Amino acid sequence: MDMPIINDCAATSCAYNRESTCHALAITVGDPGHAHCDTYIDSGARGGDMSSTGRVGACKMSECRHNDQLECRAPGITVGFQQNAADCLTYAPA
């Protein structure tokens, strides 16, 4: 299985974000009841691998229709802000 790509990320203050592109090798999505990006870190330091585009490594949102055994099966996701948190905007209840 290929990990889903992060097509776009609006969390420009994240250490892994450059020009709305995520460069974390893999992110984790979700906590109970909230599909936020657990990997988001607001920092002046920059991280990630500039030669790669971020992917979804794990998803704890078991009630999402894209979730299969805590793995995301969406072809790609978008991360943006909801309620002042960097969230997976691709999340859809099953």
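**Asp-87 and its surroundings**

Author: Asp-87 touches His-34, Ala-35, His-36, Cys-37, Thr-78, Val-79, Gly-80 and Gln-82, leaving aside residues up to four places away in sequence; contact means heavy atoms within 4.5 Å. The model is predicted, so local features need pLDDT of at least 70 and side-chain atom pairs pLDDT 80 or more, while totals for chains, interfaces and linings use all residues. Residues are numbered from 1 along each chain as its sequence is written, and side-chain values use heavy atoms, without hydrogens and water.

Reader: In which strand does Asp-87 lie?

Author: Strands are DSSP runs (E, at least two residues), numbered from the N terminus. Asp-87 belongs to strand β10, residues 85–88. The protein has 10 strands and 0 helices, a helix being a run of H or I with at least four residues.

Reader: Is Asp-87 buried or exposed?

Author: Buried means under 20% relative accessible area, with a 1.4 Å probe and protein chains only. Asp-87 is buried, and buried residues form 40% of the 94 residues in the protein.

Reader: With which side chain does Asp-87 make a polar contact?

Author: A polar contact pairs N or O atoms within 3.5 Å; within protein, one must be able to donate a hydrogen and the other to accept it, and residues adjacent in sequence count only if both atoms are side-chain atoms. The side chain of Asp-87 makes one with that of His-34, at 2.9 Å.

Methods:
Buried means under 20% relative accessible area, exposed over 50%, partly exposed in between (1.4 Å probe, protein chains only). Lys and Arg count as positive and Asp and Glu as negative; His and the chain ends are not counted. A salt bridge is a side-chain nitrogen of Lys or Arg within 4 Å of a carboxyl oxygen of Asp or Glu.
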